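Take a look at the model below. This report walks through its sheet and then its surface.

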Amino acid sequence: MYAAMRRTPQGDKFVRDGRWANERIAPSRRVRGKTAGIVGLGRIGKTIADSCKGVGMNVLYTGPNKKNVEYGYVPTVGELAEKSDVLILACAVTPQTRGIIT
């Protein structure tokens with residue numbers, strides 16, 4: 001997530017190619033204040049949610065059951081994707097979740 005939003009691979013290539021002396025790199029995005037949408041708030045999903053909250057992100061989640069947590073619940077993956085800047089899949093691979101994102 002950090003590498004994608006902060007454009008770390010592009011920045012590395014920019015410096016290694018020596019372009020930094022004569023050009024400016026395109027700006028990157030900050031994660032603080034963005035919304036992370038997590039599909040599956042099990043043990044791993046909850047750990048990811050806590051990390052996202054720790055860096056100042058808003059956290060929403062979806063899953064088969066609404067949980068008693070501080071994060072906002074969204075009933076469908078589609079709605080979660082619409083409301084999120086970053087979509088994170090932390091669900092088990094099952095027949096119900098296979099192909100959940102196309």
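This is a predicted model: local features need pLDDT of at least 70, side-chain atom pairs count only at pLDDT 80 or more; totals for chains, interfaces and linings use all residues.

Strand E2 covers residues 58-62. Two bridges join E2 to E3, and the two strands run parallel. Strands of a sheet pair through backbone hydrogen bonds, either parallel or antiparallel. Here, four strands form an open sheet with parallel pairing. Their order is E3-E2-E1-E4. E3 (72-73) and E4 stand at the edges. Each has a single partner strand, so one side of each is left without a neighbour in the sheet.

A helix covers part of this sheet's story too. Helix H3, residues 43-54, packs on the sheet. H3 touches strand E1 (35-39), E2 and E4. The direction of H3 makes about 175 degrees with that of E1.

**The surface**

Now turn to E4 and what follows. Leu-89 sits in strand E4, which spans residues 86-89. Arg-98 lies in the segment after E4.

| Residue | Relative accessible area | Class |
|---|---|---|
| Leu-89 | 47% | partly exposed |
| Arg-98 | 62% | exposed |

Arg-98 is called exposed because its 62% is over the 50% cut-off.

Leu-89 also belongs to a nonpolar patch on the surface.

Finally, compare sequence with space. Arg-98 and Ile-38 are 60 residues apart in sequence. From C-alpha to C-alpha, Arg-98 and Ile-38 are 16 Å apart.

Terms used
Residues are numbered from 1 along each chain as its sequence is written. Side-chain values use heavy atoms; hydrogens and water are left out. Patches are made of residues with over 30% relative accessible area and no salt bridge: like charges are joined within 9 Å, nonpolar side chains (Val, Leu, Ile, Met, Phe, Trp, Tyr) within 5 Å. Accessible areas come from the Shrake-Rupley method with a 1.4 Å probe; for residues, only the protein chains shown count as cover. A salt bridge is a side-chain nitrogen of Lys or Arg within 4 Å of a carboxyl oxygen of Asp or Glu. Buried means under 20% relative accessible area, exposed over 50%, partly exposed in between (1.4 Å probe, protein chains only). Two strands pair if DSSP finds at least two bridges between them. Contact means heavy atoms within 4.5 Å. Axes are lines fitted to C-alpha atoms, for helices over the stretch in contact, and angles run from 0 to 180 degrees between N-to-C directions.
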